[in-house]
Amino acid sequence: MSAQGLTGPGLRLDRLPRRRRVNRLMEGLAWLAAAIAIAILGVVVFSVAQKGASELNLNLLTKPPIQFSLTNAPQGLANAFAGTLVIVGLATAMALPVGILVAVYLNEFAPASIRNGVSMALDILNGVPAIVIGIFVFGLLVVGSGQSGLKGAFALSCLMLPLVARATMEVLALVPNSLREAGLGLGVPQWRTTLSIVLPQTVGGIVTGTVLAVARVAGETAPLLFTSSLVGTQTSWNPYHALQTVPVAIFELSESPDPADHARAWAAALVLLVFILIASLAGRWLATRSRTKMLAR
Amino acid sequence: MTALDLTDATRRPFTGRRVRFGDVALQVVAGAAAAAATVLVGLIIWKVIDGARPAISHYGLHFVWRIAWNPVLGREVYGAGSFLFGTAITSLFALCLAAPLAMGIALFLSELAPRGVRAPVTALVETLAAVPSVVIGLWGILVLGPALRTNIESWLHSAFGFIPLFGDPSQAGASIFTAIIVLTIMILPIVSSISRELFLGVPPELKEGALALGTTRWEMVRGVVFPYARGGIAAALILGLGRAVGEAIAVTQVIGGGVFIHANLFGGGDTLASKIAASYQGSSTNLQTASLVYLGLILLVFSLLANISAQLIVRRVARRHGITRGGHA
Amino acid sequence: MPKSGRPIRILTVLAAAAAFAAVAVSTAGASPARHAGTTITGAGSSFVSPLVAQWITPIGAAYGYELQYSAVGSGAGVAAITSRTVDFGASDAPLTPDQFTACNGCLQIPWALGATAIMYNLPGVKNLLHMDGPTLAQIFMGQITTWNDPAIAKLNPGVSLPSTKIAIAHRSDNSGTTFNFTDYLSSVSPAWKSQIGSGVAVNWPVGSGGKGSSGVAALVSQTPGAIGYADVFFAIHNHLSYFTMKNRSGKYATPGLRGMLAAASSDQTPDANNALSIVNPPAKYPNAYPIATFTYVIVPQQSSKAADLKKFLFWAVTKGQTYGPKLFFQPIPKSVLVVAEKTIAKIHS
């Protein structure tokens, strides 16, 4: 890392005014960039809020959709909200235990080579595009036997696994070894040390990781297109059937010519966005809080 | 630094002392989970190759650059060329737009922002990352696309229409241009948050040293921060590119669809990912399905390359700077 | 030792998380569906989806069936029934021999009659414009690019056409409507037939793709100067104008019930697989709309839901047809009904 241009001719005093001007220009551009980022987010959130708020009513959550309604009967997206709850819930139930166990293995038991290998596998899994996960689950589970909410949940859990595992690994690494030594020194078997002394310290981080993973997959559309998209309009909680989900519903409504469909899409997007934003911000707040607690120890 | 390193007894759990069933059980169960996670990655790669096999055996490697996609029975021919082109154009342009913006944001947040502004703006940028792609796509179809079409596309076409790049404006705003803007918005948060952490990780004594020599802040950034963070920035850009390449939903909502390669930014097209999303729900023949999975395979290969190279760069940089594992957030 | 209850707590949490899946799954099976009847799932043609959507309530009232239909396009519908992901598929394009083989014992039954309207968005022009096949083919090949082209003007004397650019909207997914439309274009334009051909998806030389009939209608609504094709219901429902098409007898026919019925008279005998072709009927049917089509339901001959499917399909081709006219579907003619009912009777468990 060389300090380029920082000596001699680069720092000529007679060039100072020009250097100062360049500096101010660059600082101004940086401020501008930040302003653009804020503006973009503001515009997106404002559009969703403004357009979504007008159609936001209890019907959205309680009434099923009516295809090609010839009357103005109230309709909503009840089936989508129910389906999202079921599928995201099942995905979390699948990914959470496996993610924690993977992190425990990597941090407590694995020799360095295995740790690096599995870590890399997790990072690769994190980088696989969601649509490829959709193709994968389609080929593995759906072909020949049909779609279902469970298969959609499995696809989402593939996306959640690296996030949960990584978050758990980070907090496990923060647990001081003195704790482990103390447990083992007192004669507590290793398995008990891990489960009763080490893991409880990490609950905050695990919760954070899970919350962030849920925020990530609640809005995922691509894997569900392959696994849970041939759905009806009635609300169902049965994961053995294909269930409608909020992101897929928004996707389908967004391509419709009917402005009423657009209004429903905005409202659903607003609900989804609020949920995800709350989850993300809560997750990050929990992360900073638990990290401060761990480091203050 | 694992628990294995701690005591002699745990280093060799099977010799010298009584084997605890619990220890073995936990290690086996946790190990199985780790094995499952690794096997999952292999399974994904294998299943995608398997699904593409009919197309691979029919077309071979030539598929990757053939510019054709004709699903008419009796004249079927498929190739990834036009979608590879679409992916390249949209992702590279988006990266070119996002990179300077992201650097600017990262510099702002690490060097310039007043203390009270730093945290909220960081949270805001990370919030942009949390917006689901289908919502950005919805906004893209109904708000951004029409706005770009009426304001920017028509103006650019009338002012610079002689350049083939600025041909006829799109219908209703669905175009490659809109897709580029959408992708820029989507990769901005990743690149900027990684860059921000890199800039924050530059040792303060290096920065202070430069400032003590009388440099302006920009010269310090250019002379110390950028060279130090060079590798990490490269990794961030690669990850952003990987994200742009893999984005299917928002792109398919705004890109308009099309098979031919053309120069007009305001025309329609498709990327590898958006073509899969558009044709996902069924195709009329096995060859077409296999060809779509072949597109997915190309996508997978690319994202693996991007991911692995970013990781290698990060590891090399970490070693060079003496950062131990777990030191970066 | 302190915190000795912790491992139990952790294990319980982990076990509960994993058990949540089992519990949810088992209770979901027992959870009361609003309609405690059989679910019949189908997927396919968006062309016929307005009609099928109207059937959901009456069929639920008549037999307690919960009808679920996803308008994912004819191609996807055929794929879905082939893999038995759904109980029935719907396609406007008749199955090819290869598709019949892949479907492994499927029956093809005509269950509705409709027309593909060529809809357009041209503000300022009030009356419905005339159009003929060869000109339409040239438009969709990108050879005619503005509305005031002489070829269009010739068909519409006395109408002042603006110089707006024509924007083409076509289907991006595999569509029986595309098949119907390209089948028509191939029969009226040798150039189209040789260069592009017909199918559920073709290589469109120009234009943007929309997903489903709704997607095309959306594109046309949002773009002044656009032309697209979809079942006539979508044109009317979205307040879009449509062309009156010149048929072989020289008259300009509208995609209404009369035009469909006249076109249907041109082919009264379904072939061995019950397919009918009524595109571009000969001149002796002066009122025929030239881009009309039957649409088919594809069911496996052997199904565990045979009894329910038979009841549903018998209802669909008889009582269900009465819901058609207000949605611009002509009830199927008697000769076709007889064949349909004979085929439905073949379904067994």
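Me: Into which domains is chain B divided?

Reply: Domain bounds come from an automatic or database domain assignment. Here that gives chain B domain 1 (2-59) and domain 2 (69-328). Their centres, taken over C-alpha atoms, are 34 Å apart. Keep in mind that this is a predicted model, where local features need pLDDT of at least 70, side-chain atom pairs count only at pLDDT 80 or more, and totals for chains, interfaces and linings use all residues. Residues are numbered from 1 along each chain as its sequence is written, and chains are lettered from A in the order in which they are written.

Me: How many residues does the contact take from chain A and from chain B?

Reply: Two residues are in contact if their C-beta atoms, placed from the backbone, lie within 7 Å. Chain A brings 86 residues and chain B 88. On the chain A side, helix H1 (residues 16-55) gives the most, with 20 residues.

Me: And which residues touch the most other members of the largest nonpolar core?

Reply: A nonpolar core is a set of buried Ala, Val, Leu, Ile, Met, Phe, Trp, Tyr and Cys residues joined through C-beta atoms within 7 Å; buried means 20 or more other C-beta atoms within 10 Å of a residue's own. In this 312-residue core, they are Ile250(A), Ala268(A), Ala269(A) and Val135(B). Helix H3 (residues 78-109) of chain A gives the most to the core, with 21 residues.

Me: What does Ile250(A) touch?

Reply: Leaving out residues up to four places away in sequence, its partners are Ala265(A), Ala268(A), Ala269(A), Val134(B), Val135(B) and Leu138(B).

Technical notes. Helix = DSSP H or I, 4+ residues; strand = E, 2+ residues; numbered from the N terminus. Buried ≥ 20, exposed ≤ 12 C-beta atoms within 10 Å, placed from the backbone.
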